[in-house]
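Here is a short walk through one protein model. Keep the structure open as you read.

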Amino acid sequence: MNVSPMAYARRAVADIIATDPNVSVVNVFNDDMFVSGKIVCYPYVSSMTYDTETERGVPSGYATAAVEILCNATTTNDASKQGLKTEAAADIVSRLKYRLETYNLASLAIADDGRFKTRIVSIAVDGNVGTFDDGSGKVMLGIAATVHMISFIKS
């Protein structure tokens with residue numbers, strides 16, 4: 001895989017959550033994109049942090065990517081106010097958390113952008129935020145995850 005560490009983290013998260021047959025991953029966010037029967041997800045890297053080992057002459061170091069996943073989905077209109085939207089949001093979080101935290105990370109290719117070789121060592125879901133249940137059939141929420149990587153300077 002010939003991508004930078006930041007793009008590698010985003011692509012890995014996108015590929016992992018796309019293994020769920022009910023998830024559709026998009027590369028461009030559209031806040032009004034709702035597909036019946038699918039969870040539409042847009043993952044992006046909101047920040048990256050690197051340790052200072054490479055500045056000390058050590059040829060490898062850790063990197064952390066904060067990945068946000070914006071999700072849109074539909075459920076039936078909840079005219080009787082049963083909380084269907086809340087239940088649908090909880091299901092989305094559960095599905096994506098399961099995929100990200102149980103995926104065999106050793107099966108991912110090592111990224112090589114010509115400067116660094118990077119491997120993902122762990123992914124953890126940190127939390128989620130969503131909209132309140134207003135009885136509509138539109139679910140919109142965000143999920144935060146952290147991707148931990150180790151990068152080696154190519155020699």
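Buried means under 20% relative accessible area, and exposed means over 50%. The model is predicted.

K85 sits in helix α2, which spans residues 84-102. Is K85 buried or exposed? Its relative accessibility is 4%, so K85 counts as buried. What does K85 touch, leaving aside residues up to four places away in sequence? The contacts are T75, T131, F132, D133, D134, S136, K138 and V139. Two aspartates, D133 and D134, are among them.

Stay with helix α2 and look at its helical neighbour. Helix α1 covers residues 5-17 and packs against α2 at an angle of about 115°. The two axes lie 9 Å apart. The crossing of α1 past α2 is right-handed. On the α1 side, V13, I16 and I17 make the contact. On the α2 side, L96, R99 and L100 make it. How do the residues of this contact divide? There are 5 nonpolar residues, no polar ones and 1 charged.

Now turn to the strands. Strand β1 takes in residues 23-25, and strand β2 takes in residues 39-50. They pair in the parallel sense over 3 bridges. To locate this pairing, find V23: its bridge partner in β2 is I39.

Strand β2 also pairs with strand β3, residues 60-74. Which way do β2 and β3 run, parallel or antiparallel? They run antiparallel, joined by 10 bridges.

Methods: Residues are numbered from 1 along each chain as its sequence is written. This is a predicted model: local features need pLDDT of at least 70, side-chain atom pairs count only at pLDDT 80 or more; totals for chains, interfaces and linings use all residues. Side-chain values use heavy atoms; hydrogens and water are left out. Two strands pair if DSSP finds at least two bridges between them. Helices (H or I, at least four residues) and strands (E, at least two) are DSSP runs, numbered from the N terminus. Buried means under 20% relative accessible area, exposed over 50%, partly exposed in between (1.4 Å probe, protein chains only). Contact means heavy atoms within 4.5 Å. Axes are lines fitted to C-alpha atoms, for helices over the stretch in contact, and angles run from 0 to 180 degrees between N-to-C directions. A crossing is left-handed if the near helix is turned anticlockwise from the far one by less than a right angle, and right-handed if clockwise. Ala, Val, Leu, Ile, Met, Phe, Trp, Tyr, Cys and Pro count as nonpolar, Asp, Glu, Lys and Arg as charged, and the others, Gly among them, as polar.
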